[in-house]
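Here is my note on the model, written as numbered points. Please keep the structure open while you read.

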Amino acid sequence: MTRVWVARDCCGNTNTCSQTITNVDTTPPVLTCSSDKTVQCGSPWSFDPPVATDNCCSNPSVNILATFTNGTACDYIVSRIWNATDCCGNTSITCTQRVTVVDTLPPTIVCPTNIFIGTCHTNAVVTWTISATDNCSTNITVTSTPPSGTTFARGTTNHVHVAADDGCGNTNTCDFSVTVQRPVLSIVSFSYMTHTLTLSWPDGILQEADVVFGPYTDVPLATSPYSISTTLPLKFYRLRCP
């Protein structure tokens with residue numbers, strides 16, 4: 001800004017002088033980062049942008065300089081560095097927000113419902129599948145005690161304990177039972193209209209008789225599930241273990 005003055009004497013003579021004031025902005029903006037925070041692994045989150053103010057410019061720009069991660073897969077820190085620049089090209093010092101990502105949630109584990117195995121043999125090999133998921137880890141260790149594929153004796157009910165570990169120190173458990181018994185003959189469906197009966201069984205040979213006390217004879221080529229259509233009266237059925 002320049003101001004010009006003029007001086008005039010009583011004889012009409014004049015002279016001028018001027019003063020120039022140069023207004024400069026050499027002060028960088030002030031940048032304030034948000035506080036550091038902790039979030040749960042697998043949950044949505046974002047950085048909180050910093051706030052920039054300046055003595056001269058009303059809207060200094062905020063710039064991302066770098067984003068980097070330190071730590072393990074279970075607990076790690078994600079850092080973002082910003083600076084700010086005002087309309088006169090002055091740049092602030094940097095500020096950093098650190099987000100600590102933690103995994104404190106146990107995995108989700110789903111055990112099968114209690115298992116019932118019907119067999120004519122003295123024992124049975126029983127297998128099962130366990131489902132386990134985690135909010136963060138994809139490397140979940142699942143153990144069953146006893147393990148899937150164990151041989152159980154017929155006539156026993158056995159307790160199975162399952163544990164899941166997400167590799168970050170978080171665990172979860174579930175339990176179910178395995179009962180091995182003689183095979184049971186089940187009615188799948190019955191129609192009064194068509195006199196059709198459908199039976200199912202896990203093991204053994206299907207037999208039929210005209211009266212409940214027999215005599216019973218094997219039903220040729222009967223495999224489970226088996227449908228029978230008869231006229232009234234219906235026959236009686238049972239299983240025989242060879």
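1. Is the link of C74 and C168 left-handed or right-handed? It is left-handed, with -85 degrees about the S-S bond. The sulfur atoms of C74 and C168 are 2.1 Å apart, and a disulfide is a pair of cysteine sulfur atoms within 2.5 Å. C74 sits in the loop between β6 and β7, and C168 in the loop between β15 and β16. The two cysteines are 94 residues apart, so called distant parts of the chain. Both are buried (under 20% relative accessible area; exposed is over 50%, partly exposed in between, with a 1.4 Å probe and protein chains only).

2. A word on the basis. This is a predicted model, where local features need pLDDT of at least 70, side-chain atom pairs count only at pLDDT 80 or more, and totals for chains, interfaces and linings use all residues. Residues are numbered from 1 along each chain as its sequence is written, and side-chain values use heavy atoms, with hydrogens and water left out. Helices (H or I, at least four residues) and strands (E, at least two) are DSSP runs, numbered from the N terminus.

3. How many disulfides does a search of the whole structure find? It finds six. Number the bonded cysteines of the protein chain in sequence order, and the pairing reads 1-6, 2-9, 3-5, 4-10, 7-11, 8-12.

4. Take C41 and C136. Their disulfide has an S to S distance of 1.9 Å. With 65 degrees about the S-S bond, this link is right-handed. It joins distant parts of the chain, 95 residues apart. C41 lies in the loop between β4 and β5 (51-53), and C136 in the loop between β12 (131-133) and β13 (141-145). C41 counts as buried because its relative accessible area is 6%. C136 has 23%, so C136 is partly exposed.

5. C111 and C174 make a disulfide too, with their sulfur atoms 1.9 Å apart. The torsion about the S-S bond is about 75 degrees, so this disulfide is right-handed. C111 is in the loop between β9 (108-110) and β10 (115-118), while C174 is in strand β16, 63 residues away. C111 and C174 are both buried.

6. C88 is in no disulfide either; the nearest cysteine sulfur, in C87, is 4.1 Å away. C88 is partly exposed because its relative accessibility is 43%.

7. Now the sheets. Strands of a sheet pair through backbone hydrogen bonds, either parallel or antiparallel. Here two strands pair if DSSP finds at least two bridges between them. An open sheet of four strands runs β4-β8-β7-β6, with mixed pairing. Its edge strands, β4 (37-40) and β6 (61-71), each pair on one side only. The twist averages 25 degrees from one strand to the next (axes are lines fitted to C-alpha atoms, for helices over the stretch in contact, and angles run from 0 to 180 degrees between N-to-C directions). Strands β7 (76-85) and β8 (95-102) run antiparallel, joined by seven bridges. Y76 has V101 in β8 as its bridge partner.

8. Strand β8 also holds Q97. Q97 is buried because its relative accessibility is 0%. Its side chain reaches the backbone oxygen of S35 at 3.0 Å. Beyond neighbours within four places in sequence, Q97 contacts residues including C33, F47, V78 and W82 (contact means heavy atoms within 4.5 Å).

9. Strand β14 (150-153) pairs with β11 (123-126) in the antiparallel sense, over four bridges. F152 in β14 is the bridge partner of A124. In β14, T150 and F152 form the covered face, and T151 and A153 the uncovered one. In a regular strand the side chains alternate between the two faces of the sheet.

10. Last, the interior. A nonpolar core is a set of buried Ala, Val, Leu, Ile, Met, Phe, Trp, Tyr and Cys residues joined through side-chain atoms within 4.5 Å. The largest has 15 residues, and W128, I130, V162, F176 and V178 have the most contacts inside it. Strand β16 (171-181) supplies the largest share of this core, four residues.

Methods
A polar contact is a pair of N or O atoms within 3.5 Å; within protein, one must be able to donate a hydrogen and the other to accept it, and residues adjacent in sequence count only if both atoms are side-chain atoms.
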